[in-house]
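Reader: I am new to protein models. Can you show me how to read one, feature by feature?

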Amino acid sequence: MAMDRTGQIAVIFVSQRTVGDADGYARAAEAMDALAARQPGYCGIDSARGADGFGITVSWWADEASALAWRAHPEHAAIRERGRAEWYSRYEVAVAEVARSYGWVINPNR
C-alpha cells in the first residue's frame, strides 16, 4: 500500500560523498537512521546513492517542530559536523511541506 505523505514535512538532503572512510560513513548512517526512527514525529526515510557518490535522502516528519527537533538533536548535530569534515564534498538541504501525495504499488497477485 502506498503511503499518503500529504501534510508531512520532507527534509531533502542532496549530497556528494568523498571517497574516504566508507566504513565509518556506513556505521554513522545506520546509527542516524536508527536514532531518527526513535524521534517523535518521525514518519520514515527514503535514500539512494549512486556509484559516483551522489545521493538523495528524504526524511519524513509529521510537522515542522519534529523536523526542527531532529535537526537540533545533539547526536545528529555531531554527525553533521563530522560529515562536513570527512564524508561530503558538498550537500544541500531543502525542507518542504507536502501539498499532495500519491503512489502506486504493484499488485502481488498478478
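Author: Start with one term. Contact means heavy atoms within 4.5 Å. Keep in mind that this is a predicted model.

Reader: Which elements cover the buried residues of helix 2?

Author: The cover includes strand 1 (9-17), helix 1 (22-37), strand 3 (54-61) and helix 3 (74-87).

Reader: And which residues of helix 2 are buried?

Author: Buried means under 20% relative accessible area. In helix 2, residues 64-72, that applies to Ser66, Ala67 and Trp70. Look down the helix axis. The buried residues of helix 2 fall within an arc of 100 degrees, so they line one face. Now turn to the face directed away from that buried side. Exposed Ala65 and Ala72 sit there.

Reader: What share of the chain's residues is buried?

Author: The chain has 110 residues, and 33% of them are buried. The chain exposes about 7300 Å², with 57% supplied by carbon and sulfur atoms. For overall extent, take the principal axes. The C-alpha atoms fill a box of roughly 45 × 35 × 20 Å.

Reader: How do I read contacts along the sequence?

Author: Check how far apart the partners are in the chain. Take contacts with a separation of 6 or more. Residues 24 or more positions apart account for 76% of them.

Reader: Let me try a single residue. Where does Thr18 lie?

Author: Thr18 is in the loop between strand 1 and helix 1.

Reader: Why does Thr18 count as partly exposed?

Author: Compare its value with the cut-offs. Partly exposed lies between buried, under 20%, and exposed, over 50%. Thr18 has 27% relative accessibility, so it counts as partly exposed.

Reader: Which residues does Thr18 touch?

Author: Leave out residues up to four places away in sequence. Thr18 then touches Glu86, Trp87, Tyr88 and Ser89. One pair deserves a look. A polar atom of the Thr18 side chain lies 2.8 Å from the backbone oxygen of Glu86. Now try Ala99. Thr18 and Ala99 are 81 residues apart along the chain, and their C-alpha atoms are separated by 34 Å.

Reader: Last feature. Which residues make the nonpolar surface patch?

Author: Trp104, Val105 and Ile106 make a nonpolar patch of about 370 Å². To find it, go past strand 4 (88-97). Ile106 is in the segment after that strand.

Note on methods:
Residues numbered from 1 in each chain as written. Predicted model: local features only at pLDDT ≥ 70, side-chain atom pairs only at ≥ 80, totals over all residues. Heavy atoms only, no water. Buried < 20%, exposed > 50% of the residue type's maximum accessible area, 1.4 Å probe, protein only. Helix = DSSP H or I, 4+ residues; strand = E, 2+ residues; numbered from the N terminus. Arc of directions from axis to C-beta. Patch = residues over 30% accessible without salt bridge, like charges linked within 9 Å, V, L, I, M, F, W, Y side chains within 5 Å. Areas by Shrake-Rupley, 256 points an atom, 1.4 Å probe, with all protein chains shown as cover. Salt bridge = Lys/Arg side-chain N within 4 Å of Asp/Glu carboxyl O. Polar contact = N/O pair within 3.5 Å; in protein donor to acceptor, adjacent residues only side chain to side chain.
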